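Subject: Structure handover

Hi,

Here is the structure I promised to pass on. Please open it alongside this message; my notes follow below.

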Amino acid sequence: LALIVDASQSEALPKITQAFKFIRQNRIGEAKTLLDELIDELEKEPWADYLVWTRATIYLEIGDLSSAKKDFAKIAESYTASYYAPLSLEKLGDYAMDDGDLARAAEIYNRILVDYSEAVNIERIREKIINLPENI
């Protein structure tokens, strides 16, 4: 709903609504296609972060981890003031952990602590740092 309120003045609102309708109907391919178009058209809008986040979750759902990582990185770098920026960084840190790159994971988690001290996931990040092997 917040997206619709933020995008209410956009000519793209019907297209945005259709993309989320497709998701609700489990028509994921069609939703992703619309999201691709919307992100290309609207990437400069401050609320486009939610479109990118939604596409990233679709990529995860269909097993395209590489594309999901790219979208999480895009959010973290292009929408730094976004609610989704620290959540995207957390995902990237988790993937670094999964890949065995503990130093990179620690770097990302610490970035969240420094840049997003009020983030919704801050306590979870503190726990992840504490639980890093050898507490890097």
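Start with Arg 111 and Asp 115, whose side chains form a salt bridge with an N to O distance of 3.6 Å. Bear in mind that this is a predicted model. Both residues belong to helix α7 (residues 102-115). They sit 4 residues apart, about one turn of the helix. Arg 111 is partly exposed, at 25% relative accessible area. Asp 115 is partly exposed too, at 45%.

That pair is part of a longer list. The count for the model is 15 salt bridges. Two others deserve a look.

Glu 43 and Lys 74

Here the closest N and O atoms are 3.0 Å apart. Glu 43 has a relative accessible area of 33%, so it counts as partly exposed. Lys 74 comes out at 22%.

Arg 55 and Asp 71

These two side chains meet in a salt bridge at 2.7 Å, N to O. Arg 55 is in helix α4 and Asp 71 is in helix α5, so the pair links parts that are 16 residues apart in sequence. Are these residues buried or exposed? Arg 55 is buried, at 10% relative accessibility. Asp 71 is buried as well, at 4%.

The pair does not stand alone. Arg 55 and Asp 71 belong to a network of salt bridges that also takes in Lys 32 and Asp 36.

Helix packing: α2 and α4

Now for a contact between two helices. The axes of α2 (residues 13-24) and α4 come within 12 Å. They cross at roughly 25°. Angles under 35 degrees count as roughly parallel, so α2 is roughly parallel to α4. The crossing is left-handed.

Which residues of α2 and α4 meet? From α2 come Ile 16, Phe 20 and Ile 23. From α4 come Tyr 50, Leu 51, Thr 54 and Ile 58. The residues of this contact divide into 6 nonpolar and 1 polar, with no charged ones.

If you only have a minute, look at two places. One is the network of Lys 32, Asp 36, Arg 55 and Asp 71. The other is the contact of α2 with α4, with no charged residues in it.

Best wishes

Technical notes. Residues numbered from 1 in each chain as written. Predicted model: local features only at pLDDT ≥ 70, side-chain atom pairs only at ≥ 80, totals over all residues. Heavy atoms only, no water. Salt bridge = Lys/Arg side-chain N within 4 Å of Asp/Glu carboxyl O. Buried < 20%, exposed > 50% of the residue type's maximum accessible area, 1.4 Å probe, protein only. Axes fitted to C-alpha atoms, helices over the stretch in contact; angles between N-to-C directions. Parallel < 35°, antiparallel > 145°, perpendicular 65-115°, else oblique. Left-handed = near helix turned anticlockwise from the far one by under 90°. Contact = heavy atoms within 4.5 Å. Nonpolar A, V, L, I, M, F, W, Y, C, P; charged D, E, K, R; others polar.
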